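Subject: Structure handover

Hello,

Here is the structure we talked about passing on. Please load it before reading further.

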Amino acid sequence: MSATAGRATLGFRRTALTGAVLATALGGGALLAACGAGGQDGAAGGPARLSVADSYIPLPPAGGMAAGYLTVRNDGGQDQLVKVTSPGAESITMHRSTPSRMEQVGSLDVPAHGALQFSRGGTHLMIMGWQKAPVLGDELELDLTFAKSGTISVKVPVKELTYRPGQS
Amino acid sequence: MPRTTRTTRLVGAVAVALAAALTLSACGSSGDGSGAAKVTQQKDATPYEGTKLTRNFEKPDLQLTDTSGQPFDLRKQTDGKTTLLFFGYTSCPDVCPTTMGDIGVAMKKLSPEERQKINVVFVSTDPQRDTPKVLRTWLDSMGSDFIGLTGDLEKVKAAAKSVGIMIEDPVVNPDGTVTSTHGAQVLAFLPSDDKAHVLYLSGTEVKTYEHDLPLLAKGVAA
């Protein structure tokens, strides 16, 4: 799925890192500013330009089973979210809600010049095995690993159970 | 307003799906506001923003255990009272807490009198893990007066089936985790005849519940 137009696009936008998102380069993964210079161009076409926004974890009603939602915006070429981990939770998996159950997915496409959007009743992260039971106002670090762009680390706030982005 | 459009589209989709057996293929959709907003005739005929049911299911004949460990007879103990019914499980991170949480928010906006007129009933589709105690803790986050029922899964499946909801046995995944089934809809039974009249999909917005719960509390006909 690397059929990307190789042309350069919009300038790099630092401001795309909004809200509670804090991006840091982790584990040698090249990040944002660096991703134009990575070794993956060439065959793969234009580099992805990723930013994460609107991330939140609704406070789980009981115990450690939580969902996580966020949006990965992409001002560049196609990429793929392949893994999510956290120093604060044992297991994070990617799921999609179907009408009656959930199915786990191994990776999620981040379309070129588009967005990968997590949402309630749709694509979500399933977070289990919290080291410390989450409370309102906590932040959980999520390390999002992409096929081409390396790892982006974000601090995701724990919000009210019924929170939706765009509401205070 | 895009939100309205989406609701309408879901409403339309479900009205169609209902004709079959509540397959609810539209419920996963979440973002795109545009598109197939076509079926609206159902909506105009009712004061409710939820979907008016054309087939009014009987309240399931279901005896289970409530969160205090006591036997609970759904028909007897909710007789003559507006009842919202949802089938789900507590280790479901996405749809179940979102649905019940949104109902909880809307319930809190009601006056105490209105609130007393509505039963919110959550039936576990994962009785193995959802003990009365687990259910109570989970439900307390949404509404301390919400009724949680658990017990024989076969009974739950039969009850769900009687209102068009397909519940399957939990599946143990290769990694040891368990996936259960949840309903994709909330059914509202009116006090007048104890039958289901309004349906809410799992993607229903809080404001839809906020609009409809006062009507449901009054028992307004759909």
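Predicted model: local features only at pLDDT ≥ 70, side-chain atom pairs only at ≥ 80, totals over all residues.

**Contact between the chains**

Start with the interface. Chain B gives 32 residues to the contact and chain A gives 23 residues. Together the two chains bury about 2100 Å². Of that area, 56% lies on carbon and sulfur atoms.

In a salt bridge between the chains, the side chain of A:R164 meets that of B:D102, at 2.7 Å from N to O.

Which elements of chain B give two or more residues to the side that touches chain A? They are α4 (95-108) and α6 (132-140). The largest share comes from α4(B), with 6 residues. By type, this side of chain B splits into 12 nonpolar, 15 polar and 5 charged residues.

**The sheet in chain B**

Next, the sheet. Chain B has an open sheet of 6 strands, with mixed pairing. The strand order is β1-β10-β9-β4-β5-β6. At the edges sit β1 (51-52) and β6 (147-149), each pairing on one side only. Pairing in a sheet runs through backbone hydrogen bonds, either parallel or antiparallel.

Look at β4(B), residues 82-88. This strand is mostly covered, and 7 of its 7 residues are buried. B:T82, B:L84, B:F86 and B:G88 point one way. B:T83, B:L85 and B:F87 point the other way. Residues on both faces are buried.

How many bridges join β4(B) to β5(B)? There are 7, and β4(B) runs parallel to β5(B), which covers residues 118-124. Towards β9(B), residues 185-189, β4(B) makes 3 bridges and the pairing is antiparallel.

**A loop residue: B:T67**

B:T67 is in the loop between β2 (63-65) and β3 (71-73) of chain B. Is B:T67 buried or exposed? B:T67 is buried, because its relative accessible area is 18% and the cut-off for buried is under 20%.

What does B:T67 touch, leaving out residues up to four places away in sequence? The list is B:P132, B:L135, B:R136, B:L139 and B:G148. With B:R136, B:T67 makes a polar contact, side chain to side chain, at 2.9 Å.

Two elements named above come back here. The helix α6(B) spans 132-140, and the edge strand β6(B) spans 147-149.

**Chain A**

Last, the partner. Chain A has 1 helix and 11 strands. From the N terminus, its elements run β-α-β-β-β-β-β-β-β-β-β-β. Chain A has 168 residues, and 51% of them count as buried.

The contacts in chain A with a separation of 6 or more are worth a look too. Residues 24 or more positions apart account for 71% of them.

Best wishes

Technical notes:
Residues numbered from 1 in each chain as written. Chains lettered and ligands numbered in written order. Heavy atoms only, no water. Contact = heavy atoms within 4.5 Å. Buried area = accessible area lost by both parts, 1.4 Å probe. Salt bridge = Lys/Arg side-chain N within 4 Å of Asp/Glu carboxyl O. Helix = DSSP H or I, 4+ residues; strand = E, 2+ residues; numbered from the N terminus. Nonpolar A, V, L, I, M, F, W, Y, C, P; charged D, E, K, R; others polar. Buried < 20%, exposed > 50% of the residue type's maximum accessible area, 1.4 Å probe, protein only. Pairing = 2+ DSSP bridges. Polar contact = N/O pair within 3.5 Å; in protein donor to acceptor, adjacent residues only side chain to side chain.
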